[in-house]
Each structure stands twice: as structure tokens, then as C-alpha cells.
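Dear colleague,

Please find below the structure that I am handing over to you.

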Amino acid sequence: MKPGTYTSGHASCKLRYSQAVPAHLRGRLLELTRLHTPEQHRGKGHATKLIEKITRYADCDRITLLLMPKPYGESALGVSELCEFYARFGFTELQVQPVLLLVRQWQTTKTTSLPRQGSDSSGQRAFTDLAVF
């Protein structure tokens, strides 16, 4: 799993190396940022599918995920609702101050095979069920 923009359906997010941790730890830790689903497509499970796929790939690659839940937009969920949403995927509170951080350690999974990754016609890295740009 590498840094980049990930999409599934109408949801997208970015994964990047976190500046919140020392450089020697960044290879096994990615920060999830900018999870977004356009308003007209919210409540249909697009973000849920995307996070499920990202956590599945993170488990297989033994990647720890970190995020700072931040509401944005007029119809955004509040911080407590965002924490509840991410808790469904195994994220737990790492710290509250100076900024709220949630973390998800990679987990051993029974499924070790994932869809093969390849390149689309533009040469961008893509998965059969998860697009990465």
C-alpha cells in the first residue's frame, strides 16, 4: 500500500506519510486524510466500502493507519459521529490533545489474497476493486 489518492464508487481519500511521527516509522504508517463523498451520494455506503477496502489492504501489507477526524462541509458529521464511524473499522483514540488522533493497527486476517494490482491504460496504479491515483 502506497501513498496516493484512493477511490471506490463516489468516495475518495488520500493516504500519505504522516509528519506526526518520526521519519524512521513512516514506512509502516500512513495517514488517511480528506475522506470525501459528494453530498448527493452520501448515506449510500460509498465511504464505508472505501474504508473497508483500505483497511483490508493495510492489514495485508501490515500498515498502521492514522487519522485526525475533522468535519467539513455544511452537512458534515460532527467529531463524535466521525469517531463512531471510524471505530466500526477498528480505529481507536490515540490522543486527544493537542489534536485528536485515531489509530488503527494492522490486524491479522484470514484472507490473504487480494485482487491483483495492475495499471490502467493511462499507466496509473489501480486495483480491480480499488483505484489509486
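**Salt bridges**

The count of salt bridges comes to two, a salt bridge being a side-chain nitrogen of Lys or Arg within 4 Å of a carboxyl oxygen of Asp or Glu. Please note that this is a predicted model, in which local features need pLDDT of at least 70, side-chain atom pairs count only at pLDDT 80 or more, and totals for chains, interfaces and linings use all residues. Residues are numbered from 1 along each chain as its sequence is written, and side-chain values use heavy atoms, with hydrogens and water left out.

Helices (H or I, at least four residues) and strands (E, at least two) are DSSP runs, numbered from the N terminus. Arg-16 is partly exposed, at 42% relative accessibility, whereas Glu-31 is buried, at 4%. Buried stands for under 20% relative accessible area, exposed for over 50%, and partly exposed for what lies in between (1.4 Å probe, protein chains only).

Arg-104 and Asp-59 form a salt bridge in which the closest N and O atoms are 2.7 Å apart. Here too the pair links distant parts of the chain: Arg-104 lies in strand β6 (residues 101–104) and Asp-59 in helix α1, 45 residues apart. Both Arg-104 and Asp-59 are buried.

**Other residues**

Tyr-57 is located in helix α1 (residues 46–61) and is buried, with a relative accessible area of 4%. Its C-alpha lies 6.7 Å from that of Met-1, although Tyr-57 and Met-1 are 56 residues apart in sequence.

Ser-8 belongs to strand β1 (residues 4–8). Ser-8 counts as buried because its relative accessibility is 7%. The side chain of Ser-8 makes a polar contact of 3.0 Å with the side chain of Lys-53.

**Overall architecture**

The protein has two helices and nine strands, arranged along the sequence as β-β-β-α-β-α-β-β-β-β-β. Of its 133 residues, 38% are buried. Among contacts (heavy atoms within 4.5 Å) with a separation of 6 or more, 58% are between residues 24 or more positions apart.

With kind regards

Terms used:
A polar contact is a pair of N or O atoms within 3.5 Å; within protein, one must be able to donate a hydrogen and the other to accept it, and residues adjacent in sequence count only if both atoms are side-chain atoms.
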